[in-house]
Amino acid sequence: MSDTTTPALVQLSAATLSSLSTAVHVPSYDRAGLTAGIVHFGVGGFHRAHQALMIDDLLEQGLARDFAICGVGVMPSDARMRDALLAQDGLYTLVVKHPDGSLDARVIGSIIDYLFAPDDVEAAIERLASREVKIVSLTVTEGGYNIHPVTGSFDLTNPQVAADLHADAAPATVFGLVVEALRRRRDRAIKPFTIMSCDNLQDNGRVARRSFVAFATAKDADLGAWIDAEVRFPNSMVDRITPVTTDDDRAQIAETFGLADRWPVVCEPFLQWVLEDAFTDGRPPYEKSAAQLVSDVEPYELMKLRLLNASHQGLAYFAHLCGYRLVHDAAADPLIATFLRAYMDREGSPTLKPVPGIDLEEYKTQLIERFSNPGVRDTVARLAAESSDRIPKWLLPVIREQSAHGGPLALSAAIVASWARYAEGTDEQGEPIDVVDRIKDAVMQSAAGNMTDPHSFLRDRNLFGDLIDDAAFVAAYDRALGLLHTVGARRTLEQLMESN
């Protein structure tokens, strides 16, 4: 008779590590005496599936004990992460979901503290200003850098930023907290920390520099000049599909491993972190982890942004309109997979630079396989969210570059058209679409005019700049949007593939 006994459920904490199933890898190192040399803003699944994991890898080797992590939250929603992590002594479970359905579970111990800045702004600033902090890292989303998508300038009119710029304001944004900490370090003759962006932005280090220097300069011109001269902002590229954690994930982890975790992380097996080796005051020995240290990140980040990220947008809107809600189901549809590969081959790849050590054909094949992983259960809704931050950064540069060289852009234009159709807020069955975007009202208002003015969506120059003046792009967009309205998403994809 087989043993079907469910493992006893253990609530994750430092005190219960020894009680966990042997199927769960737990930290073998002593967490006592670790120093938080890294402060991270935006502790979510993405950060915990790559940077925190690699620090944990180093700690397992007896390295980087001065580079453990202190998380910092600034948004009201970050209070949930504070509560989850502090209740579990900073521990969480990282579960890798393999295509065959198997799971690998590991408890990560590299996060040793978490500060919710609204609880105690002064404590957060002083932690950042402390001598032991060498790196401030960021996963604050593509829109978190407050950069105008067309002009590329820092938006000083943002209400939260404007409030932080008042002389006597208690900092409430990441810019206010970090810049005030740097001011104190300068005044105390403490070397500045490195600011390391890990967000999905081309030249993310340079974008971060632009944001923080612009904020600091608006606050104090001398301080802005000092930060620009003294602080390093390495570029980086992170590639790992990390869907939003669901209650089903928590239940699966509890059933499989007997482990109760308030906020575990689930991810795919693939992991790549390419990092520019440019730090102000030392760094962990990342070369002894899975990280790839290079002098120039740009070829890798262009590959990721214009193939993986842009393809995610290529899948999202068409997939939803075709009735799919899970990414792996959509990617397993030969029509959608063929469309994505055609976009990558014909339009995305020609805009890339040579990528050292990467076989692009193999990478593109692998992308479709990764999207098709049924274990990850990534949602179409996640990919379709915050499009106004994503499309301008991931896809529009492809269109502009292809247009400048007379290259094909019909499939990229169709992706933009599919976003315009999706943003109308009603699917092909007349059911409502829950459009999630920081500028939802503006996007949906532009899309609402599609039927009477086919260029209504494109007229938002804050998103699209001068693309509405590009005759080749507009013609391709018009054709795709017209097809979406007359024959629907699936037939649109079929006709695009027939004619390309």
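Reader: Why is strand E6 largely enclosed by the rest of the structure?

Author: This is a predicted model, in which local features need pLDDT of at least 70 and side-chain atom pairs count only at pLDDT 80 or more, while totals for chains, interfaces and linings use all residues. Residues are numbered from 1 along each chain as its sequence is written, and side-chain values use heavy atoms, with hydrogens and water left out. Strands here are DSSP runs of E with at least two residues, numbered from the N terminus, and buried means under 20% relative accessible area with a 1.4 Å probe, protein chains only. Strand E6 covers residues 103-108 and is largely enclosed because, of its six residues, the number buried is five.

Reader: Which residue in the hairpin of E5 and E6 takes a positive phi?

Author: Five residues lie between the two strands of this hairpin. The positive phi, near 95 degrees, belongs to Gly101.

Reader: In the open sheet of three strands, what is the order, and which are the edge strands?

Author: The pairing in this open sheet is mixed, and the order is E10-E13-E14. Pairing on one side only marks the edge strands, E10 (236-239) and E14 (292-294).

Reader: Which residue of E14 is the bridge partner of Val274?

Author: Strand E13 (residues 272-276) runs parallel to E14, and three bridges join them. The partner of Val274 in E14 is Gln292.

Definitions and conventions: Buried < 20%, exposed > 50% of the residue type's maximum accessible area, 1.4 Å probe, protein only. Helix = DSSP H or I, 4+ residues; strand = E, 2+ residues; numbered from the N terminus. Pairing = 2+ DSSP bridges.
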